[in-house]
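Colleague: I would like a close look at one part of this model. Please take me through it step by step.

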Number of protein chains: 2
Amino acid sequence: MRAELFLIPGPVSEERLADKTLVAIDVLRASTTICQALQAGARAVIPVEQPGEAAEMRAKIGVEDTILGGERKGLKIENFDLGNSPLEYTEAIVKDKFVVLTTTNGTRIYSKAASSNLKITGGLVNISRVTQKVKEAAKDLIIICAGEEGDFSIEDTLCGGMLLHKLIIENNIEMELNDAASLALLLYRANSRSLKQTIARGEHGRLLADLGFGRDVELATETDSIPVLPILKDRRIILEEI
Amino acid sequence: MRAELFLIPGPVSEERLADKTLVAIDVLRASTTICQALQAGARAVIPVEQPGEAAEMRAKIGVEDTILGGERKGLKIENFDLGNSPLEYTEAIVKDKFVVLTTTNGTRIYSKAASSNLKITGGLVNISRVTQKVKEAAKDLIIICAGEEGDFSIEDTLCGGMLLHKLIIENNIEMELNDAASLALLLYRANSRSLKQTIARGEHGRLLADLGFGRDVELATETDSIPVLPILKDRRIILEEI
């Protein structure tokens with residue numbers, strides 16, 4: 001299996017995604033929020049790039065059936081129902097609703113994934129489910145890390161490295177890696193015994209703690225704690241039917 | 001000393017550069033070519049972003065005194081005198097000339113460096129000189145890697161990591177690192193005994209070999225082989241006066 005990892009979404013062309021499995025990773029916090037919202041019973045999460053699009057989408061679907069969620073600079077967007085803290089996405093609020101989500105880094109990845117064969121939302125909270133699905137799909141793999149404002153982020157790179165490590169070591173899959181995938185694997189292996197601390201001490205982890213979202217960082221770094229498999233289909237992220 | 005490394009030039013603001021030492025790294029090949037041209041006696045290397053600007057600069061300085069150099073997609077630009085292979089920049093061709101240089105990734109860094117205190121061209125060929133100068137300047141450090149078409153490049157990251165390693169280990173400087181700087185240091189330490197091979201096997205190293213520039217990769221990865229200190233002053237890169 002060939003695996004290409006991208007530290008930020010920028011350089012990936014649509015051509016490169018064709019007939020591959022795409023895993024979109026934004027550990028802090030879009031991936032985690034998407035997993036949480038779907039586990040709490042949301043019918044779908046609809047990723048959009050801009051707050052304006054989110055409002056249009058709500059108008060289209062119907063106000064009653066929609067929850068608007070998302071952040072800019074880490075904080076809830078004006079007139080939105082929820083921010084980007086996974087803890088807000090409880091069953092009481094999101095069950096049977098469509099969650100329209102727009103975040104600074106994470107939700108943008110989905111807009112460029114038209115041609116890939118399978119698009120998975122990957123985080124640490126569902127890492128084993130993602131690994132299993134990538135293996136079953138048996139296609140070449142593209143891992144896109146959301147990064148942070150056009151810069152690499154250590155938590156997404158670690159998560160990508162963990163996925164590669166699990167494919168290689170736990171599943172004995174022979175992988176051909178691009179340079180960034182090798183780097184992610186190295187980073188994961190150097191920090192595998194201190195994932196939570198490394199991420200909490202990282203730039204984004206500290207920023208979120210400063211904003212009062214320390215518990216989100218805790219939750220997002222609890223591996224396999226939300227073992228769901230979110231899949232993008234027709235521009236909606238839904239749980240895979242089993 | 002605080003050190004921030006950027007895997008690609010994108011996210012660095014001018015504010016962040018103020019009163020700091022900037023090291024611009026493009027191992028394959030702009031940094032190496034700049035070191036080589038200046039060692040071969042060029043009066044200055046003038047980095048410009050676009051081929052059109054290079055032609056304008058030549059008209060301004062005078063055709064006799066100017067060499068136009070640079071590449072797009074690795075190859076010499078039409079109507080230019082030289083490409084971006086350091087081997088082309090011999091004394092016979094560049095001595096006492098102004099070299100106007102435009103490359104896909106490397107020369108762009110210099111256009112954003114207006115506010116930093118000191119701007120150094122860093123490569124593996126002059127890594128010890130760069131380390132010494134960063135130490136003497138005793139300002140906070142910004143390392144900008146050119147990367148490759150908006151993606152990280154392993155050779156620039158390794159070079160940045162080597163600079164940090166030399167500052168920390170050989171010069172006993174206590175450094176506070178951003179996440180990308182920690183990553184670069186980890187990458188360097190994991191590959192310090194196989195730098196040349198790691199870079200030659202990397203994506204960009206292989207691409208250049210395929211284009212017939214394997215000797216450039218050899219030359220660019222020979223540490224301290226061109227021990228000069230190119231400094232950007234008034235938009236020209238010149239050798240530091242000793």
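Predicted model: local features only at pLDDT ≥ 70, side-chain atom pairs only at ≥ 80, totals over all residues.

In which hand, left-handed or right-handed, does H6(A) pass H7(A)?

Modeller: The crossing of H6(A) past H7(A) is right-handed. H6(A) covers residues 127–137 of chain A. The axes of H6(A) and H7(A) come within 10 Å and cross at roughly 55 degrees. An angle from 65 to 115 degrees would count as roughly perpendicular, and one under 35 as roughly parallel. H6(A) is therefore oblique to H7(A).

Now the residues at that crossing. H6(A) brings Ile127(A), Val130(A), Thr131(A), Val134(A) and Lys135(A). They meet Cys159(A), Met162(A), Leu163(A), Lys166(A) and Leu167(A) in H7(A). By class, this contact has seven nonpolar residues, one polar and two charged. An α-helix has 3.6 residues a turn, so residues three or four places apart point the same way.

Next comes the other partner of H7(A). H7(A) runs over residues 154–170. Its axis and that of H8(A) come within 7 Å and cross at roughly 90 degrees. That angle makes H7(A) roughly perpendicular to H8(A). From H7(A), the contact uses Thr157(A), Leu158(A), Gly160(A), Gly161(A), Met162(A), Leu164(A) and His165(A). From H8(A), it uses Ala181(A), Ala184(A), Leu185(A), Leu187(A), Tyr188(A), Arg189(A) and Asn191(A). The classes here are eight nonpolar, five polar and one charged.

The contact between the chains takes 18 residues from chain A and 18 residues from chain B. H8(A), residues 179–191, gives the most to the chain A side, with six residues. That side divides into ten nonpolar, four polar and four charged residues. Of the interface residues of chain A, 100% are also interface residues in chain B, so the copies meet through the same surface.

A rotation of 180 degrees, with 0.0 Å of shift along its axis, superposes chain A on chain B with an RMSD of 0.0 Å. The two copies are thus related as by a two-fold rotation axis.

Conventions:
Residues numbered from 1 in each chain as written. Chains lettered and ligands numbered in written order. Least-squares fit on C-alpha atoms with pLDDT ≥ 70 in both. Contact = placed C-beta atoms within 7 Å. Helix = DSSP H or I, 4+ residues; strand = E, 2+ residues; numbered from the N terminus. Nonpolar A, V, L, I, M, F, W, Y, C, P; charged D, E, K, R; others polar. Axes fitted to C-alpha atoms, helices over the stretch in contact; angles between N-to-C directions. Parallel < 35°, antiparallel > 145°, perpendicular 65-115°, else oblique. Left-handed = near helix turned anticlockwise from the far one by under 90°.
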